[in-house]
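Subject: Structure for you to look through

Dear colleague,

I am handing over the structure we spoke about, and below it you will find my notes on what turned up in it. Please read them with the structure open beside you.

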Amino acid sequence: MSARDSTLRVLSACRTGGAWADAALAAELKRAGLNAADAALTSRIVYGVMQNRMLLDDRLEAYCTQRLSHLQQPLPDILRIGAYQILFLDKVPDSAAVNESVELAKASKRGAAAGLVNAVLRRLSQNKEHLPSIRAEDEIGQLSVETSHPRWLTERMAALLGTDGAEAFLRENNEIAPVTVQINPLKTDADRLLRELSGCGVTAKPHDWVPDCLELSGVGDLTTLPAFYRGEFTVQDGAARLVSLVSGVRPGMAVLDVCAAPGGKSFSAAFAMQGKGRIVACDLHENKLKRVREGAERLGIGCIETCAADGREIRSEWQNGFDVVFCDVPCSGLGIIRKKPDVRYKEPAALADLPEIQRAILTNAARYVKPGGALVYSTCTVLPEENESVTDAFLHSAPEYAYEPFALPVGETDGKITLWPQKHGTDGFYIAKIRRKQA
C-alpha cells in the first residue's frame, strides 16, 4: 500500500464515518505499516488537504467541467490529493502526483474517472504559475477561500480581530504546530532530557516563554522514544500547561479535575505537587479514564485517582472539599485548528448549545471549591461566548467568587486571558482564575 492509498483511506474515513483527521490518520498509520518516509508523506497530505480544501476546490474547478460536489466520491478526494501535491509539495514531481492520482482513480472503478483525473490535474500543473483569480464576491469571501475557513468563521474572526488580525489567525491555522512536551520533574530535569532527546536524533529547545516545556522537531512517533517509555515527559501544549501554573497548586493540596481526560492538566498538577497530595481526575466516560490511569502509571504518578462523573451533576461528598478545581470544559475547539484542521468545518449551529453546557459545569464545579480556594476555568477556543461571557455571567450570579489577577511571562492579567497562536505561539486558549472568598 502506498502513501496515497493510505491518504485516501483517511479522507474517506473522515467523510463517511465522521472521524477526526488526527485519529483516523493515527489508526491508518498503525494499520498500514508504512515506512517512515511514506508515513510522513501520508501525514503531510492528509493535513494539507484538510487545511486547504476550499482553496484546492477553487483551483480544481477552474479546470473541471463540473463542481467537485457533483462528482461521485472518491473522485473529489483523489483530485484534492493530487492538487495538494502539485501546488504545495515541491519535492514531489508533478508527473508523480498526476500518475499516482490516476492509479487511485482506476482503483475506484468509476468509469471514465481516470481520464478526468488525468486531464484536470495535468491542466492544473501546466497553469500553476498563472492560476486564475479566486472566485469570491468580496474581501471576506476571498480570505475565506484563500485560507480555507468557512465564511461564518472568517466573518467571526474579522469581527473580533479586524481583517488583518483575522488573516494572521487564519493563516497561522494552516501552519504546522510545534510539538510541545512538559518535563516530568519526578523523573528527570531539562538538561538531562535535552541530552536524551538529542541522542535519539530529536531536535529540542526550551519553550520560548512557558516554563518546564520543550518544543520538539524531527520527532516522528514520540511513543517510540526511550524517554517516553520511561515517563520523562508528557505531551502538552504550552497553553494547557499554564493551567496548573496559574492555579498555584502545591504539595499536599486536594485537587479536582472535573473534565480531565486525557489527563494532561492532572499530570501537570501532580508535577507541581511533587506527587504529594490528592488529585481526583473525572470524565463522563469511563473508557477515557483508562488513558488517564495509563498515563499516570507511565509518569510515575501515584496521587491521581479517577472517577466517572458528569460535571453538571452534584456530588455532595465533594462540596467544599478541594483547594483547587480545574474546569476545562467541552468547547468548539477553534483554538486548536492547527492540530485538528477539520475542526474549522464544524457547522455553527452545532456549537450553539455549548455555552449553556459550559455554564452548567462551571456552576457545579464551583460548589467543590473550599472557602479561599481557587477555580480555574479553561477552554481551547477563542470565542468570547464560550470564554469570558461564561465566566463573567457566573461571577455576576455568584458574589462569593471573584477573578484573581495573575502574571504570565507574556504580561499581567486581570484574572483572565485569551492566548492566540499567531500572537503567543501556543494553541488558542482561554484561562480564567477565580478565587472563592474566605467564609
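Pro74 is found in the loop between helix H4 (53-61) and H5, and the peptide bond that joins Gln73 to Pro74 is cis, with an omega of about 10°. Please keep in mind that this is a predicted model.

Two packed helices are described by the angle between their axes and the distance between the axes. The axes of helix H3 (residues 36-51) and helix H5 (residues 75-88) come within 9 Å and cross at roughly 100°; angles of 65 to 115 degrees count as roughly perpendicular, and H3 and H5 are therefore roughly perpendicular to each other. On the H3 side the residues in this contact are Arg44, Ile45, Gly48 and Val49, and they meet Arg80, Ile81, Tyr84 and Gln85 of H5. Sorted by class, the contact of H3 with H5 has four nonpolar, two polar and two charged residues.

Asp212, which is not a glycine, has a positive phi of about 70°, and it lies in the loop between strand E2 (203-206) and strand E3 (213-217). Asn320, again not a glycine, has a positive phi of about 60°, and its place is in the loop between strand E7 (304-308) and strand E8 (322-328). Asp212 counts as partly exposed because its relative accessibility is 42%, and Asn320 counts as partly exposed at 40%.

At helix H10 (residues 190-199), Asp189 caps the N-terminal end, with a side-chain oxygen that lies 3.3 Å from the backbone nitrogen of Asp191. Just after H10, Gly201 takes a positive phi of about 80°.

Leaving aside residues up to four places away in sequence, Ser378 touches Val243, Lys265, Cys327, Asp328, Val329, Phe429 and Tyr430.

Methods
Residues numbered from 1 in each chain as written. Heavy atoms only, no water. Polar contact = N/O pair within 3.5 Å; in protein donor to acceptor, adjacent residues only side chain to side chain. Helix = DSSP H or I, 4+ residues; strand = E, 2+ residues; numbered from the N terminus. Axes fitted to C-alpha atoms, helices over the stretch in contact; angles between N-to-C directions. Parallel < 35°, antiparallel > 145°, perpendicular 65-115°, else oblique. Contact = heavy atoms within 4.5 Å. Nonpolar A, V, L, I, M, F, W, Y, C, P; charged D, E, K, R; others polar. Buried < 20%, exposed > 50% of the residue type's maximum accessible area, 1.4 Å probe, protein only.
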